[in-house]
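Please examine the model shown below, together with its sequence.

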Amino acid sequence: MLTYAAQDLSNAALGGPIRIQDDRFIDGYGRTLSLRGLNVSGASKLPTTPNGLSHLTEGFYEQHRTVSFIGRPFPLSEARLHFRRLKEWGLPLIRLLVTWESISHAGPNPNTDIDLEYIAYMKELISLMSEYGLKCFICAHQDVWSRFSGGSGAPGWTFEAAGLDIESFADTGAAYVHGQDELRTVKRKEDDDHDEREAGGPFMWPSGYQKLGASTMASLFWAGDFLTPNLRCNRSGGKGQEEVGVQTFLQDAMIEAFGRLADEVGHLEAVLGFEPMNEPHRGLVNLHGFHGWNYDTDLHIGHCPSLSQSLALGSGYKQEVDYYVKSWPFPTRVSHKSVIDPKGRSAWLSHKCKEGKGEVDRPRGMGGCIWRAHGVWEWDEKNQKAVVLDDKYFDYDHRPGHEGREIEWYRDCYAPFLRCFNNRVSRLHPNHFSFIEPLPNEFMPPWSPSAHPPSDQLQKQKYATQTVIIEERPRNMVYSPHFYDLNVLFSKHHAWMSANVQGLSRGMFVLKGLYFGASGLLRNYTLQLRNILRHGRQSLGSIPTIIGEVGIPFDVNNHFAFITGNYDIQRILMNALISAMEANGLGFTLWNYNPDNCVEWGDGWNREDFSVVTSSAIPSAKPDYTNFAHEDDSLYHGGRVLDIIIRPYAMKTAGRPIRSRWDARTLRYEFEWESFPFLDKSSEKSRTTEIYIPNYHYRGHELNIISSNQKHAYDRELQTLRIWSEGGASATRYKVVIAIRDLERHLIGRVRKSRAAFPAKFPRRIIPPIVEVWLESVGVREILGIIVILVGILAFWIQVPLKKDLEGQI
């Protein structure tokens, strides 16, 4: 009989495909699966030809219809090494990033414009996964709509369909685009026209959601038929050509592109399903206001024109706008006013094709600002400002015969799209999962499993947008929200204090939202993730939850880790994140695994640096000192905080997991679970719990395994501990504890490894390693108690001779 590793997710190891039962993923034996893995990869946002790293500019505009993404996330010749790594690390779930642009960069016509060579590459890549027991779900990835508006996702031709000129975005403030902005900054410095207060940088990319380019495109994608009924597009149809609204034109093209991909790869064993869109943004739908963005939800950094100012800039009119810089305690503040002068250049294509519709499959907008053409605003020449004609324009339907009908983004835009996308990609594979998420940093509003309104209590909820989704839900839905420490993400700094941004942005008292030390950080993350899980269950009922993106920026604290090899701050952050997810019983896919990562440019996209592996392209960058012993092993080379990421956990549980806890310092692992009543005694697999025990930590250690009167067997080669439960007519609670027998030697070794990497200074230099081990084990409260005792003793010593001196004087 073949035996499989705990981290093996192949159908053979699971007794069939993964299924959903209430809020659990289960295998063919009815066991609960804990799914963990990585996003692969951050580089997939960018083409390989021409090299699309965001700081590069060659061919950026000229070749947008002829790019290639073949080789993202990595060449096929390297795939086996990367998949071996993920299996060895116990992270067999892949959130596989695919952009719309990678499939349809040439145009919208699925019969002529799909990149079939790229789809063939993806098919071959995914086919290899099952050899390593890996599973994946394919994420239709985007950020800020497109590379051409500072993010990733949509092809360049989508802007043309709206009548937007991507080459004018830098001059008109319609987008922040990394490479183009750096070129512009260099030119301004050469012309002595640069304000030193406006340092800028790629960290400003999230502010692009509010700029004209991305906000317009998102609005048209979600609600173009409601908001711009006069913007029509000619496309190829089944019986020649047909005219459709811009929303239909864009959505149908995107959905069919991923539908064609699903048709080719959906039957592969490794594919679990699709995620319709990464971090969606509502654009201008349900706009906060024409004259200012919502500070609590929209990042204010760099040039921050209001929508009315953006509309004016897009039409070539000079505007004086607020310039925001980083600050504390609030994330940003206005530094000064800054003038943006397009010098008459428009963000809109001026050529007006016949009837404004353009050639078939090549529409080019309306010959000017579509919002002006629809009566949203007009220019006041006397006062040199945009005048808003309808300040509630983006809250209502403007189609003839539907005027005045209120629209709400989740209910009327997002849910119908999810249904259409899921119907198409699962057409041939109805058992696929559909991974969905809310707007970033929001909770999902109520969405009933049936087409009936939820309870009155849910309809009155106050934790999410005040709406109720009635649309039919996708089959096999999985809730897949994201979680980041936004304070660390934005400030790129962490020391001893953390903030509950989730609570503070919702009115929490400031002092209540602050946490101190590593234990406080863990409590902070645990609470925020518990809220995400709790409100998700309130809104969606009993469905599985996986945190689709979660991770840390490795370039915190002025790149200190790269210079020194000391990743201890990153270790604290990552351990708190993963431990908090374990405390909430959450599966996850960490952001991200990118073998192209390098210290100079990070993940290659807007200088983000989240990859858990990095290349050794720059010799001056020092590797993580805790990985020194593994740097010559190709399975671990270049790893960052792998000693935290690689950890034991129960991958397959014969019952329901109750509690899981791992101590990264002592390597002690505890797991509790409860079997289900009437567990089938005839099936040994259904009674077998399989725990992943990574050799990265436990090779060379003898283990002390204590289980509650159960048989167990440890297979070191497969990194697997199997525990057999008896089962019975009633639920039974079980517990296992795994510890190393040479704990003291291990802890002293940790201290010596640290001292070898970073020579000890006074007073650490004079402290014996065994004393440092003891100090590490003592908590903050214990240390404070010891200090109080020492102060008391010192005071007593001082008081006694002083009392004798006084008595002698008397």
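Predicted model: local features only at pLDDT ≥ 70, side-chain atom pairs only at ≥ 80, totals over all residues.

**Cavities and a sheet**

Helix 7 contributes five residues to the lining of the largest cavity, the most of any element.

Rolling a probe the size of a water molecule over the atoms shows where empty space is left. Counting cavities of 30 Å³ or more gives seven. The largest cavity holds about 420 Å³ of space. Its lining consists of 27 residues, and those nearest the centre are Y176, D181, R184, R188 and H303. Two or more lining residues come from each of helix 6 (169–172), helix 7 (178–190), strand 10 (302–303) and strand 12 (332–340). Sorted by class, the lining comprises twelve nonpolar, nine polar and six charged residues.

Nine strands form an open sheet with parallel pairing, in the order 16-15-9-6-5-4-21-20-17. At its edges lie strand 16 (477–479) and strand 17 (482–483), each of which pairs on one side only. Within the sheet, strand 9 (residues 271–275) pairs with strand 15 (residues 433–436) in the parallel sense over two bridges. In this pair, F274 is opposite S434 of strand 15. Helix 12 (residues 409–425) packs on the sheet, where it touches strand 6 (135–141), strand 9 and strand 15. The direction of helix 12 makes about 150° with that of strand 9.

Note on methods:
Residues numbered from 1 in each chain as written. Heavy atoms only, no water. 1 Å grid on protein atoms, 1.4 Å probe; cavity = no way out; pocket = protein on both sides within 12 Å on 5 of 7 lines; lining within 4 Å. Points joined across faces, edges and corners; volume = space filled by probe spheres on them. Helix = DSSP H or I, 4+ residues; strand = E, 2+ residues; numbered from the N terminus. Nonpolar A, V, L, I, M, F, W, Y, C, P; charged D, E, K, R; others polar. Pairing = 2+ DSSP bridges. Contact = heavy atoms within 4.5 Å. Axes fitted to C-alpha atoms, helices over the stretch in contact; angles between N-to-C directions.
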